[in-house]
Amino acid sequence: MPKLTVILPDGSEQSHDLIDDHITIGRVADNMLQIDDVSVSSHHATLIFTGADYVYRDIGSTNGSRLNGRDLEADTDYNLQDGDRLRIGKVEAVYASENPAEARPLPEEQEVSLAPAASSAAPTNFQNASPFQTKKKKKDPAGTAMLVLGSIALLAGLAAIARVLSIQPPA
């Protein structure tokens with residue numbers, strides 16, 4: 001019996017046995033397979049049994065669907081195989097089937113075009129090269145005022161001591 005295991009964002013898993021020929025997937029309660037997550041549309045997708053496995057169809061959802069890392073087009077049928085990974089909105093799901101999966105072809109090789117930059121400049125300083133933010137010194141007006149007042153008090157005290165020491169005894 002095919003299964004769809006839904007992995008919710010909080011890490012919990014829900015396993016659903018797929019027994020009907022036509023299964024609706026969505027966030028609201030009138031769906032056969034309800035996924036209570038805000039990224040899942042109220043009526044997101046359908047699963048249709050084809051005799052061996054199910055066909056997945058995104059029915060124009062807001063956040064879309066992905067199959068094995070590829071974005072899916074709306075209203076297009078995609079045959080599911082054992083081990084396929086679905087992303088319904090932002091919710092992961094894994095399809096399990098009794099039928100062994102066919103060997104999947106490797107992704108097509110894409111040519112990468114390399115072009116030199118039109119210009120480049122050395123940074124004026126290397127502050128932006130560090131992954132750590134530098135601590136900026138904050139101005140503390142209260143601390144500065146206390147330091148100035150302390151200095152004035154110290155000078156006044158020294159002046160008073162000098163004045164006392166400079167007093168001559170009466171003759």
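This is a predicted model: local features need pLDDT of at least 70, side-chain atom pairs count only at pLDDT 80 or more; totals for chains, interfaces and linings use all residues.
Tutor: Ground rules: residues are numbered from 1 along each chain as its sequence is written, and side-chain values use heavy atoms, with hydrogens and water left out. Local features need pLDDT of at least 70, side-chain atom pairs count only at pLDDT 80 or more, and totals for chains, interfaces and linings use all residues.

Student: What makes β6 and β9 a pair of strands?

Tutor: Strands are DSSP runs of E, at least two residues long; helices are runs of H or I, at least four residues long; both are numbered from the N terminus. Two strands pair if DSSP finds at least two bridges between them. Three bridges join β6, residues 54–58, to β9, so by the definition they pair. They run antiparallel. Tyr56 stands opposite Tyr78 in β9, and Arg57 stands opposite Asp77.

Student: What does β6 do on the β5 side?

Tutor: β5 and β6 pair over five bridges, in the antiparallel sense. Phe49 has Tyr54 of β6 as its bridge partner. The two strands form a hairpin with four residues between them. Gly51 sits in that turn, with a positive phi of about 115 degrees.

Student: What is the order of the six-strand sheet?

Tutor: β2-β1-β11-β10-β7-β8, open, with antiparallel pairing. Its edge strands are β2 (13–17) and β8 (70–71). Inside that order, β7 (residues 65–67) pairs with β10 over three bridges. Arg66 stands opposite Arg87 in β10.

Student: Why is β6 called largely enclosed?

Tutor: Buried means under 20% relative accessible area, exposed over 50%, and partly exposed in between, with a 1.4 Å probe and protein chains only. Four of the five residues of β6 are buried, so the strand is largely enclosed by the rest of the structure.

Student: What makes a set of residues a nonpolar core?

Tutor: The members are buried Ala, Val, Leu, Ile, Met, Phe, Trp, Tyr and Cys residues, joined through side-chain atoms within 4.5 Å. The largest such core here has 22 residues. Leu4, Ile25, Ile35, Leu47 and Tyr56 touch the most other members. β11 (91–96) is among the elements that give two or more residues, and β11 gives the most, with three. As a general point, nonpolar side chains tend to be buried together in soluble globular proteins.

Student: Which residues does Ile35 contact?

Tutor: Contact means heavy atoms within 4.5 Å. Leaving aside neighbours within four places in sequence, Ile35 is in contact with Val6, Leu8, Ile25, Gly26, Arg27, Val40, Ile88 and Val91.

Student: How do you know whether Asp53 is buried or exposed?

Tutor: Its relative accessible area is 13%. The limit is under 20%, so Asp53 is buried. Asp53 lies in the loop between β5 and β6.

Student: What makes the Asp53 and Tyr95 pair a polar contact?

Tutor: A polar contact is a pair of N or O atoms within 3.5 Å; within protein, one must be able to donate a hydrogen and the other to accept it, and residues adjacent in sequence count only if both atoms are side-chain atoms. The side chains of Asp53 and Tyr95 meet at 2.8 Å, so the distance is within the cut-off. Asp53 also makes a side-chain polar contact with Ser97, at 2.4 Å.

Student: Where is Ser41, and why is it called buried?

Tutor: Ser41 is in the loop between β4 and β5. Its relative accessible area is 10%, which is under 20%, so Ser41 is buried. Its side chain reaches the backbone nitrogen of Thr62 at 2.9 Å.

Student: Why is the Arg57 and Asp77 pair called a salt bridge?

Tutor: The definition asks for a side-chain nitrogen of Lys or Arg within 4 Å of a carboxyl oxygen of Asp or Glu. Arg57 and Asp77 meet at 2.6 Å, N to O, so the pair qualifies. The two lie 20 residues apart, in β6 and β9. Arg57 is partly exposed at 27%, and Asp77 is partly exposed at 42%.

Student: How many salt bridges does the whole structure have?

Tutor: Three. Among them are Asp71 with Arg66 at 2.6 Å and Arg87 with Glu92 at 2.2 Å. Asp71 has 58% relative accessibility, over the 50% limit, so Asp71 counts as exposed.
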